[in-house]
Amino acid sequence: MVLQKLYNSHPFYTNRLKKELAAVEVQLKGDQLTAVKQKLQWMYGLSIFLSLLAALFFVLWIRAKRNSTTEIASDLTTQEQKIEELIVKGLSNKEIGDELFISLSTVKTHINTLYKKRGVRSRQELIKKKSTGV
């Protein structure tokens, strides 16, 4: 049953395994052949389990790496802190630029960096997070 799944899902390995099993069948008879087939099924199951385990660890590693990067980057620069305060006060990008004597594109760059560090996607989310602390 497990070997049949292997046959259907991996054509390259299917032909190779069929040839090897045919050679084994010629050499072995009866109980010996059954024992070899059971061992192959067990090894196939083990390889699937180990592959899934490796994939799980990889996903967990990626998530941990993202979280540690976010925590490191969460410290705001002085300019980002000023921009955050002005956003909370309700100023537009142009008004923020005029207030801090920086260009509109610089304001946008700081705001995008600020959003990433705070883990938000909009002014409303930033204001909500700033006011509730969540």
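Is phenylalanine 101 counted as buried or exposed? At 77% relative accessibility, phenylalanine 101 counts as exposed, where buried means under 20% relative accessible area, exposed over 50% and partly exposed in between, computed with a 1.4 Å probe on protein chains only.

The structure is a predicted model, in which local features need a pLDDT of at least 70 and side-chain atom pairs count only at pLDDT 80 or more, while totals for chains, interfaces and linings use all residues. Residues are numbered from 1 along each chain as its sequence is written, and side-chain values use heavy atoms, with hydrogens and water left out.

The pLDDT, the predictor's confidence in each residue on a scale from 0 to 100, averages 82 over the protein chain, and 81% of the residues score at least 70. Confidence is lowest in helix H1 (residues 2-9), with a mean of 59, and highest in H5, at 95. Where pLDDT is low, the predicted coordinates should not be read in detail.

The protein chain contains 7 helices and 0 strands; helices (H or I, at least four residues) and strands (E, at least two) are DSSP runs numbered from the N terminus. Of the 134 residues in the protein chain, 21% are buried. Among contacts with a separation of 6 or more, 45% join residues 24 or more positions apart, a contact being heavy atoms within 4.5 Å.

Helix H5 (residues 93-100) has Asn93, Ile96, Gly97 and Leu100 as its buried residues. These cover an arc of only 100° around the axis, and therefore lie on the same side of H5; the arc is that of the directions from the helix axis to the C-beta atoms. The cover over these buried residues includes H4, helix H6 (104-118) and H7.

Helices H4 (residues 78-89) and H7 (residues 123-132) pack at an angle of about 100°, with their axes 10 Å apart. Axes are lines fitted to C-alpha atoms, for helices over the stretch in contact, and angles run from 0 to 180 degrees between N-to-C directions. H4 is therefore roughly perpendicular to H7, given that angles under 35 degrees count as roughly parallel, over 145 as roughly antiparallel, 65 to 115 as roughly perpendicular and the rest as oblique. Glu84, Ile87 and Val88 of H4 meet Arg123, Leu126, Ile127 and Lys130 of H7.
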